[in-house]
Amino acid sequence: MNDISKKLKRLRNEDFIWIVYFFIVVFALYSNKLDRDYLLKKDNEAYKREKYINITIFFIAFFIYLYFLLLLTEDLGSMEKNFNDPAYRSTFIQLIAAILFLIGGAIYLINEITRKDDALDVGLI
């Protein structure tokens, strides 16, 4: 696959990811509405739905971060290892950021799965 085809495929994938982010925003807003219902009305069903939505959002976000981590790993593997090369250095820094996002996403996902009440509630980032 030539370089232009590869970049076009990545852009198509990123377009899809932006659409997924749009739905994440919509569901995060709905999750906040459910959280308000739980806080104001003590509606336990709203709490359960909110928790399910948040777990789903974090799960999807985790795989998006993983996708970018794999892309950057592939990019670094195909580049000459030279920290004096600005492209290599930039890709390496992006890889570190992707790793940190993946770790953060995993922590949020685990927290959402294991928390038992709203006292430990963490807002979606």
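The model is predicted: local features need pLDDT of at least 70, side-chain atom pairs count only at pLDDT 80 or more, and totals for chains, interfaces and linings use all residues. Residues are numbered from 1 along each chain as its sequence is written, and side-chain values use heavy atoms, without hydrogens and water.

**Salt bridges**
- The structure holds eight salt bridges (a side-chain nitrogen of Lys or Arg within 4 Å of a carboxyl oxygen of Asp or Glu).
- E74 and K6 pair at 3.4 Å, N to O.
- E74 lies in helix α2 (residues 44–77) and K6 in helix α1, so this pair ties together parts 68 residues apart in sequence. Helices are DSSP runs (H or I, at least four residues), numbered from the N terminus.
- E74 is partly exposed at 43% relative accessible area (buried is under 20%, exposed over 50%, partly exposed in between; 1.4 Å probe, protein chains only).
- K6 is also partly exposed, at 25%.
- D37 and K33 pair at 2.6 Å, N to O. Both lie in helix α1, four residues apart, about one turn of the helix.
- D37 is buried at 13%, whereas K33 is partly exposed at 39%.

**Surface patch**
- I19, F22, F23, V26, F27 and Y30 make a nonpolar surface patch of about 580 Å².
- Patch residues have over 30% relative accessible area and no salt bridge; nonpolar side chains (Val, Leu, Ile, Met, Phe, Trp, Tyr) are joined within 5 Å, like charges within 9 Å. Accessible areas come from the Shrake-Rupley method with a 1.4 Å probe; for residues, only the protein chains shown count as cover.
- Y30 sits in helix α1 (residues 3–41) and is partly exposed at 34%.

Methods:
Helix = DSSP H or I, 4+ residues; strand = E, 2+ residues; numbered from the N terminus.
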